[in-house]
Amino acid sequence: MYKIENIKNKIIVGDVIKELKKIPDNFIHLIITSPPYNVGMNYDKHNDKMNYKNYLSWVKEWVGECYRILISGGKIAVNLPSSILQSSNSRMAYLSLDYVLIMREVGFLDREWIGWIG
């Protein structure tokens with residue numbers, strides 16, 4: 001378990017689920033994240049080309065940990081594309097919608113959806 005003085009205003013690098021489990025309940029006020037999209041990016045220790053169902057299970061686990069560590073009224077901002085193709089042969093995956101459904105399932109209330117047009 002982390003002590004406040006060890007993580008206050010710090011960037012923690014490591015496996016997201018392992019590191020989140022070290023943070024006490026109701027501890028964080030704001031989380032800003034841009035998670036892996038599961039499109040085959042070359043990360044050192046993360047498989048970014050999982051079976052989509054396995055990917056969503058992984059998302060549910062780390063999102064659940066985020067919910068646990070946020071204070072009541074805390075906020076989370078998740079940067080995602082609206083949809084992805086994992087390969088030229090795959091169906092479209094509506095990533096943002098899947099995230100919203102998972103986040104609702106673990107207890108989050110969605111407040112806003114901001115669309116970035118590039």
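Colleague: In this predicted model, how many aromatic pairs does the count come to?

Modeller: The structure is a predicted model, and ring pairs are assigned when ring centres lie within 6.5 Å. Such pairs link Y52, Y55, W58, W62 and Y99 into a cluster. By this rule, the number of aromatic pairs is five.

Colleague: Which residues of the largest nonpolar core touch the most other members?

Modeller: The largest nonpolar core holds 27 residues. At least two residues of this core come from each of α2 (16–21), β1 (28–33), α3 (52–69), β2 (70–78) and α4 (95–106). The members that touch the most others are Y55, V59 and W62.

Colleague: Which element gives the most residues to this core?

Modeller: Several elements supply at least two residues each, including β1 (28–33) and α4 (95–106). The greatest contribution, nine residues, comes from α3.

Colleague: With which residues is V59 in contact, leaving aside its neighbours within four places in sequence?

Modeller: V59 is one of the residues that touch the most other members of the largest nonpolar core. Contact here requires heavy atoms within 4.5 Å. With neighbours within four places in sequence left aside, the residues in contact with V59 are Y99 and I102.

Colleague: Is E19, the salt-bridge partner of K22, buried or exposed?

Modeller: K22 and E19 form a salt bridge whose closest N and O atoms are 3.4 Å apart. K22 is partly exposed, at a relative accessible area of 34%. For E19 the relative accessible area is 15%, and because the buried class lies under 20%, E19 is buried.

Colleague: How many residues apart are R68 and D25?

Modeller: R68 and D25 form a salt bridge with closest N and O atoms 2.6 Å apart. The pair links distant parts of the chain, with R68 in helix α3 and D25 in the loop between α2 and β1; their separation is 43 residues.

Colleague: What is the N to O distance in the salt bridge of D110 and R104?

Modeller: Side chains of opposite charge can pair when their charged atoms come close. D110 is partly exposed, with a relative accessible area of 43%, and R104 is likewise partly exposed, at 46%. Their side chains meet in a salt bridge with an N to O distance of 2.9 Å.

Colleague: Which residues do salt bridges that share partners join into one network?

Modeller: The count of salt bridges comes to six, and the bridge between R68 and D25 is among them. Through shared partners, salt bridges form one network of K21, D25, E65 and R68.

Notes: Residues are numbered from 1 along each chain as its sequence is written. This is a predicted model: local features need pLDDT of at least 70, side-chain atom pairs count only at pLDDT 80 or more; totals for chains, interfaces and linings use all residues. Side-chain values use heavy atoms; hydrogens and water are left out. A nonpolar core is a set of buried Ala, Val, Leu, Ile, Met, Phe, Trp, Tyr and Cys residues joined through side-chain atoms within 4.5 Å. Buried means under 20% relative accessible area, exposed over 50%, partly exposed in between (1.4 Å probe, protein chains only). Helices (H or I, at least four residues) and strands (E, at least two) are DSSP runs, numbered from the N terminus. Rings of Phe, Tyr and Trp (its six-membered ring) pair if their centres lie within 6.5 Å; planes under 30 degrees apart count as stacked, over 60 as edge-to-face and the rest as tilted. A salt bridge is a side-chain nitrogen of Lys or Arg within 4 Å of a carboxyl oxygen of Asp or Glu.
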